[in-house]
Amino acid sequence: EIVFKKYIMSLGVFYFGPLLCGKSRDKYKANRSPNHFEKITILNVSPLDCEITFCFQHDYKAVTYLLDPPTMTLKPNEQQTLTVWAYPTGSGVFEDSIVCCIKENPEPVTFRICCQGVRPELELDRKQLCFEKLLLHRKESKSLFFKNNTPLPVAWRISGLENIGEDFSLSDDMGVVEAFSEYCLQVYFKASKALNIKKAIRLEVSDAENILGIVQIENIQIIAEAYDVALDISFPKGTDGSLEFGSVRVMDEAKQMLSLKNKGKYEIGFSFSVES
């Protein structure tokens, strides 16, 4: 189970969950990214006024975490809201603690927080699809697996299909691979004309909302050959495409020469049958 914005009792930590790393935090106070912030209620349960200052134990430069307001004054039984934002700049787990310093109280209160920075990425089972040689008008398909090993969905699209011609098609040219899952892309080759190619299509990977744009590019090489059977049959001169034996005496033998010439690139098999 992938956890988002939950307090994990067994660990004593508030876990923001997996977050897209490198996301801009311009206008972060507008709270346009719900997964990146949490509101914490601060309640004064003492009979005296409290002056509280908030800071982070480690992230004092606010590289990953931010909070607002940095200070608050609470009357007895009064409560205010502290907002905490998490914007990881790289991949990995970022742990810290919110330190609450209460005036005239020598013991600060700490509140552990954690988030995981995730960079969209897909793993391919191979980067070359080899169809080898295919006889004209035959069809063949190859499978290509995209595996998402991250806890966030990842978007993908295929470009450059126009470079390899109309004989190739895909089961899909774009889509989303959910967290910790994989997708099988089918590449079809239908040989409509003789060709021999070695070209590439491109896999472009981005986050599901296309916030960061393309973050990964993989070139997938396509190797394919389509060929035709080219056979030249030569009959004896003056026979007009047939074998004429004329009148043959019983028990005698007559012969006619028929030549076959393979004009193609590959060996071909043949057989003759006599129809009555």
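**The chain and its aromatic rings**

Author: Of the contacts in the chain between residues at least 6 apart in sequence, 63% join residues at least 24 apart; a contact means heavy atoms within 4.5 Å. This is a predicted model, in which local features need pLDDT of at least 70 and side-chain atom pairs count only at pLDDT 80 or more, while totals for chains, interfaces and linings use all residues. Residues are numbered from 1 along each chain as its sequence is written, and side-chain values use heavy atoms, with hydrogens and water left out.

The chain has zero helices and 20 strands, counted as DSSP runs numbered from the N terminus (helices are H or I, at least four residues; strands are E, at least two). Its radius of gyration is 36 Å, well over the 19 Å that the globule rule gives for 276 residues, so the chain is more spread out than a compact globule. That radius is taken over C-alpha atoms, and the rule is 2.2 Å times the number of residues to the power 0.38. The C-alpha trace spans about 135 × 35 × 25 Å along its principal axes. Of the 276 residues, 33% count as buried (buried is under 20% relative accessible area, exposed over 50%, partly exposed in between, with a 1.4 Å probe and protein chains only).

Now the rings. The structure holds 11 aromatic pairs. Rings of Phe, Tyr and Trp (its six-membered ring) pair if their centres lie within 6.5 Å; planes under 30 degrees apart are stacked, over 60 edge-to-face, and the rest tilted. One of the pairs joins phenylalanine 146 and tyrosine 183, with 6.3 Å from centre to centre and 40 degrees between the planes, which makes it tilted. Phenylalanine 146 belongs to strand E12 (residues 139–148) and tyrosine 183 to strand E16 (residues 181–190), so this pair ties together parts that are 37 residues apart in sequence. Phenylalanine 146 is buried, at a relative accessible area of 0%, whereas tyrosine 183 is partly exposed at 22%.

Elsewhere, one aromatic cluster is formed by Phe14, Phe16, Phe56 and Tyr65. Charges also sit over rings, by the rule that NZ of Lys or CZ of Arg is within 6 Å of the ring centre and within 35 degrees of the ring normal. Lysine 5 lies over the face of phenylalanine 37, 5.1 Å from the ring centre. Lysine 139 is placed over the face of tyrosine 188, at 5.1 Å from the ring centre.
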